[in-house]
Amino acid sequence: MANPTPGDQHVIFRQYLDAVGLHGMAGAEAAGLQPTEWYAVSLITLAGRITSGDLAARAGLTTGATTRLIDRLEKAGYLRRTSDPADRRRVIVEASAETFPDIEDVVGPARRLIAEVLDRYTPQQREVLFDYFAHAAPAYRAATEEIRARAARSRRPGPKPKENTSRPAPPASE
């Protein structure tokens, strides 16, 4: 597509984001995990070690939900938890040595197909793409936090502002 219009760019970008999200859900399903579990395992393996509190914050979960998540993933053999030597009350979570022995079966198709897409670009163009990825990831995390904060405010207990649910009267027929 040569010189897509802003409207076309919006559609293309939405289709891209939807495809990435769908791939994440399919990866989770192929691994026998829920999407939140898949995301948590990815966070843990990328970080090497992470506190349960940091995992909760990054995954947008309550501490109770995070404890249950860690329990499930530990029982399934994906991770192990240890106490922080400096503060035994803090829980450190790390991936098990063989968290995903067959991970290539799950992510291999995307790696192969995306490598083919990237091969279309010059080294300089790939630098721009990876510069975008490096800057877009924190922007999306910040946007996620804004969405979560807004959603949390709307879930606060107490009376909600009344919405105008009345519909305008239909036009009078002549």
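Residues are numbered from 1 along each chain as its sequence is written, and side-chain values rest on heavy atoms, with hydrogens and water left out. Because the model is predicted, local features need pLDDT of at least 70 and side-chain atom pairs count only at pLDDT 80 or more, whereas totals for chains, interfaces and linings use all residues.

Helices (H or I, at least four residues) and strands (E, at least two) are DSSP runs numbered from the N terminus, and two strands pair if DSSP finds at least two bridges between them. Here 3 strands make an open sheet in the order E1-E3-E2, with antiparallel pairing. E1 and E2 are the edge strands, each pairing on one side only. From one strand to the next, the twist averages 35°; axes are lines fitted to C-alpha atoms, for helices over the stretch in contact, and angles run from 0 to 180 degrees between N-to-C directions. In general, strands of a sheet pair through backbone hydrogen bonds, either parallel or antiparallel.

Strand E1 (residues 49-51) meets strand E3 (residues 87-95) over 3 bridges in the antiparallel sense. On the other pairing, strand E2 (residues 79-84) is joined to E3 by 6 bridges, again antiparallel, and these two strands form a hairpin with 2 residues between them. Helix H4 (residues 63-75) lies across E2 and E3, running at about 125° to E2.

The C-alpha atoms of Thr 82 and Thr 51 are separated by 9.5 Å, with the two residues 31 apart along the chain. Leaving aside residues up to four places away in sequence, Thr 82 touches Arg 49, Arg 90, Val 91, Ile 92 and Glu 94, where contact means heavy atoms within 4.5 Å. Thr 82 has a relative accessible area of 30% and is therefore partly exposed, the class between buried (under 20%) and exposed (over 50%), using a 1.4 Å probe and protein chains only.

Next come the pockets. On a 1 Å grid over the protein atoms alone, a pocket is an open set of points with protein on both sides within 12 Å along at least five of seven lines, and lining residues have an atom within 4 Å of a point. The largest pocket holds about 2400 Å³ of space, a volume being the space filled by probe spheres set on the points. Of its 45 lining residues, Tyr 16, Val 20, Gly 21, His 23 and Gly 24 are the closest to the centre. Helix H6 (123-154) is among the elements giving two or more residues to this lining, and H6 provides the largest share, 11 residues. The lining divides into 32 nonpolar, 7 polar and 6 charged residues; Ala, Val, Leu, Ile, Met, Phe, Trp, Tyr, Cys and Pro count as nonpolar, Asp, Glu, Lys and Arg as charged, and the others, Gly among them, as polar.

The second largest pocket has about 180 Å³ of space. Its lining consists of Pro 4, Gln 9, Ile 12, Phe 13, Tyr 16 and Tyr 132, with H1 giving the most, 4 residues.

Notes. 1 Å grid on protein atoms, 1.4 Å probe; cavity = no way out; pocket = protein on both sides within 12 Å on 5 of 7 lines; lining within 4 Å.
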